Amino acid sequence: MLEFRLKSFQRWQKMTEPEWAHVSYPPIDFQDIRYYSAPKPKGNLSSLDEVDPELIKTFDKLGIPVTEQKRLSGVAVDAVFDSVSVGTTHQDELKKHGVIFCSISEAIQDHPELIKKYMASVVPAADNFYAALNSAVFTDGSFCYIPKGVTCPLDLSTYFRINAAETGQFERTLIVAEEGSYVNYLEGCTAPMRDENQLHAAVVEIVAEANAEVRYSTVQNWYAGDEDGVGGIYNFVTKRGECRGNHSKISWTQVEAGSAITWKYPSVVLKGDHSSGEFYSVALTNNRMQADTGTKMIHLGNNTSSTIISKGISADNSSNAYRGLVKIAAGAKNARNYSQCDSLLVGDKCSASTFPYLECSNSSATIEHEASTSKINADQIFYLQSRGIDTEGAISLLVNGFCKEVFKELPLEFSVEAVKLLEMKLENSIG
Amino acid sequence: MIQVKNLHAHVGDKEILKGINLTVNAGEVHAIMGPNGSGKSTLSKVISGHPDYEVTSGEVLFDVNFKQKDLLDMEPEDRAREGIFMSFQYPVEIPGVSNTVFLRAAFNAICRHQGVEEMDPMDFNDFLSDKMKLLKMDPSMLSRPVNVDFSGGEKKRNEILQMAVLNPRLALLDETDSGLDVDSMKIVANGINAIKSKHNAVVLVTHYQRLLDYIVPDFVHVLYQGKIIKSGDKTLAYEIEEKGYDWLIG
């Protein structure tokens, strides 16, 4: 592992920071970032009873279910507070099915053969600037392994919180789904308000073997900065899934409602024949947030398919860009892709951009692309008000209507949270 | 039921309503006519609370639970919940929100306000289909997003469908007949006639006499340059049809 990190660091030092995204920010002083911070107390925690009750209280306040009360809804939780995974519930039940769900640092100790086999196989250290940085300095994250034929009995969930000032969070998550397995993975992210910008450069890798399915859902509400754009998280993340086996499936669903700058492209490499990738996204920007997000669907095998539904909502002075790549390799026969990118503008100072890239090297492919742009305006709000619906209800109807194709892909509890989150963010932006 | 007293309203710098006085009682149908730019649409919009218009003086007193409340103190959604309804001249499109979802949200909001039990989706669907039949509307229209890709006639019928569902005490129908062919207009008029009763009132803003052949007004008012310059019964409408407005303005 040390060698891996050192090599990555050397690679990173030789790389130049990328500047092609549709976002702008003052230069990051990489020396100035604290790369590791642990909440007190440190050390191995084998059960939640050992966790500092203050920490548990914090999570409760954030509405994050770390305690066993979550057992009723069948969700196992790995909570990562600053750079340390503070607790993973339901370990025993998962063990019964052979499912491994623990922190990456534990996995490196307890399952080195799996880590060696899979880590960096989907996102190599040299992949990009931030992946290289992450590979050198990643501290913790979640590891999840589903053995052959197992449908994971619980939804797996990770909550990330960046608490200490000036800390970057560089978590690394690895999910491996062996043949015929299934897992539903939920990720939630939050951070308190701070004046300075904090960097979140995570890497998430997913491997799906033959006939396996991994569903990965994220609701992200990192602190986005104030209305003048001061402070906020830089969310520069590399997420990629590889459908290695035939008939495998990976689907990414994200609701990005926070961060000063969001720069991420959860992608799927479709190696296996008949494999499929899906990307469902709602990205909301308000105040002075910036987003450049989208996906890459790389079709390599035969009869592969991908679906992209991206909904961008921009309000106030924010800037929201969709960037997507659909690439059909020369040897990929009968590939199918459907892409739909919709933008919703709220007010007249925001911007929405779409940068779709289609690279098709095989003439048997079917590719469909649709895009639309629309506005929420005061007339629509008044129309609904004149029928007895108040402003809050009106925004809710309009935003829900716009996002429903994406929200229905979220697990139920996330979709309720997502709707409320968007309503809250848009409240002051309309009219 | 409603008393408009000396109502003055601006849009931007321009004063549009220059002292409107109008009383409408339950069971009555009033028609408001007048040349373009006289303020006919503005009157409806101000009563329903459109944010573009600023009221500079006057009152709009509406009977609520045997008391008179000034509508101008109320938010638009509260006015609607007390029973004010406006049919828009140019209904806006609401993509992503189906007619059913929208109608049920509005209906239940009004029920909650009036202390009446909300309807569950099954009962509501039955209730809706009766109203659809009244307006000869295709049931498939319910799952379509509100007014999106609707023809002019469909949009106007959709407005009256909402009126039928929400059952207002005062309906302000702003040029409901404009852009409608004769058959559509008859359907809309029949719908309105079926809804109107001695418990509610209708104010029709219109340019044309022909709608008034189907919905017979008790009173006709002519609005000119922000003021009502003449009121009469339905025969006034015939006179205007014949002679235009010059004889009134001069």
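**View 1. Helix 1 of chain B lies across strand 1, strand 2 and strand 4 of chain B in this predicted model.** The helix covers residues 40-48, and strand 1 covers residues 2-11. Helix 1 of chain B runs at about 75 degrees to strand 2 of chain B.

**View 2. An open sheet in chain B is built from 4 strands.** The strand order is 2-1-4-5, and the pairing is antiparallel. Strand 2 (14-24) and strand 5 (67-70) of chain B form the edges, each pairing on one side only. Between neighbouring strands of this sheet the average turn is 20 degrees, direction ignored. In general, the strands of a sheet pair through backbone hydrogen bonds, in either a parallel or an antiparallel way.

**View 3. Strand 4 and strand 5 of chain B make an antiparallel pair.** B:Asp63 has B:Gln68, in strand 5 of chain B, as its bridge partner.

**View 4. B:Gln3 sits in strand 1 of chain B.** Is B:Gln3 buried, exposed or partly exposed? B:Gln3 counts as partly exposed because 16 C-beta neighbours lie inside 10 Å; a buried residue would need 20 or more, and an exposed one 12 or fewer. Apart from neighbours within four places in sequence, B:Gln3 is in contact with B:Thr23 and B:Leu61. B:Leu22 is 19 residues from B:Gln3 along the chain, yet the C-alpha atoms of the two are separated by 5.9 Å.

Methods. Residues numbered from 1 in each chain as written. Chains lettered and ligands numbered in written order. Predicted model: local features only at pLDDT ≥ 70, side-chain atom pairs only at ≥ 80, totals over all residues. Pairing = 2+ DSSP bridges. Helix = DSSP H or I, 4+ residues; strand = E, 2+ residues; numbered from the N terminus. Axes fitted to C-alpha atoms, helices over the stretch in contact; angles between N-to-C directions. Contact = placed C-beta atoms within 7 Å.
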